[in-house]
Amino acid sequence: MLLVLGAVVAVSCSGSLQTGPDEGKAVVFRDGSEEYPFVPEDFKSGGTILLKYLDSSDEVWVKGWVVGYVSGTKISTVVLGAGEGSKASNIVICGAQDGSGQLFPVQLSTSPDESRAVREQLNLLDNPDVLGCEIRIRGHLANYMGTVGLKSTTSVIF
């Protein structure tokens with residue numbers, strides 16, 4: 001489901017994303033598009049992706065499993081899971097559903113309105129059932145929580 005500003009959408013993810021063009025095929029090149037989103041592991045060693053997109057005005061799509069949130073101001077304070085103490089301001093996604101892969105923080109802002117709509121649907125404080133969902137999310141690559149993350153999110157697909 002694509003989150004559209006102003007739409008009220010119930011969050012449910014009983015499985016993974018719908019079959020896409022990369023399903024069942026080895027994708028050698030991901031370009032950050034909705035069709036071929038980046039994954040958290042793409043940012044582990046830096047390289048040309050970061051040179052091109054980090055702190056740029058270009059939005060990119062990133063795909064991963066919602067595995068938790070950052071409780072402080074650094075990725076080292078990540079909490080895998082949801083529940084009492086969950087934050088509304090961020091989530092952490094990972095390439096592995098159990099959180100054993102590269103962790104990638106995502107800011108859930110309230111401005112502009114597109115970001116507020118994403119936050120209302122994704123934050124683990126109000127939506128603990130989002131934990132374990134595979135999502136595609138669009139925003140700007142930036143330094144966040146002491147690592148590479150996604151800020152100014154404007155769209156999400158469950």
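**Figure 1. The salt bridge between D42 and R30.** In this predicted model, D42 forms a salt bridge with R30, and their closest N and O atoms lie 2.6 Å apart; the term salt bridge is used here for a side-chain nitrogen of Lys or Arg within 4 Å of a carboxyl oxygen of Asp or Glu. The pair links distant parts of the chain, since D42 and R30 are twelve residues apart, both in the segment before α1 (48–53). Helices such as this one (H or I, at least four residues) and strands (E, at least two) are DSSP runs, numbered from the N terminus. D42 is buried, with a relative accessible area of 15%, whereas R30 is partly exposed, with a relative accessible area of 27%. Buried means under 20% relative accessible area, exposed over 50%, and partly exposed in between (1.4 Å probe, protein chains only). Residues are numbered from 1 along each chain as its sequence is written, and side-chain values use heavy atoms, with hydrogens and water left out. Because the model is predicted, local features need pLDDT of at least 70 and side-chain atom pairs count only at pLDDT 80 or more, while totals for chains, interfaces and linings use all residues.

**Figure 2. The salt bridge between E59 and R138.** Here the closest N and O atoms of E59 and R138 are 3.2 Å apart. This pair also links distant parts of the chain, with E59 in the loop between α1 and β1 (60–70) and R138 in strand β5 (residues 134–144), 79 residues apart. E59 is partly exposed at 33% relative accessibility, and R138 is partly exposed with a relative accessible area of 26%.

**Figure 3. The salt bridge between D113 and R116.** The side chains of these two residues, D113 and R116, meet at 3.8 Å, N to O. Because they are three residues apart in helix α2 (residues 113–122), D113 and R116 are separated by about one helical turn. D113 counts as partly exposed at 47% relative accessibility, and R116 counts as partly exposed at 38%. By the rule given above, the count comes to three salt bridges.

**Figure 4. Strand β1 and its pairing partners.** Eleven of the eleven residues of β1 are buried, so this strand is largely enclosed by the rest of the structure. Two strands pair if DSSP finds at least two bridges between them, and β1 pairs with β5 in the antiparallel sense over six bridges, V62 having I137 of β5 as its bridge partner. Three bridges join β1 to strand β3 (residues 90–94), in an antiparallel arrangement, where V66 is the bridge partner of I93. Three bridges also join β1 to strand β2 (residues 78–80), again antiparallel, and in β2 the bridge partner of V70 is V78.
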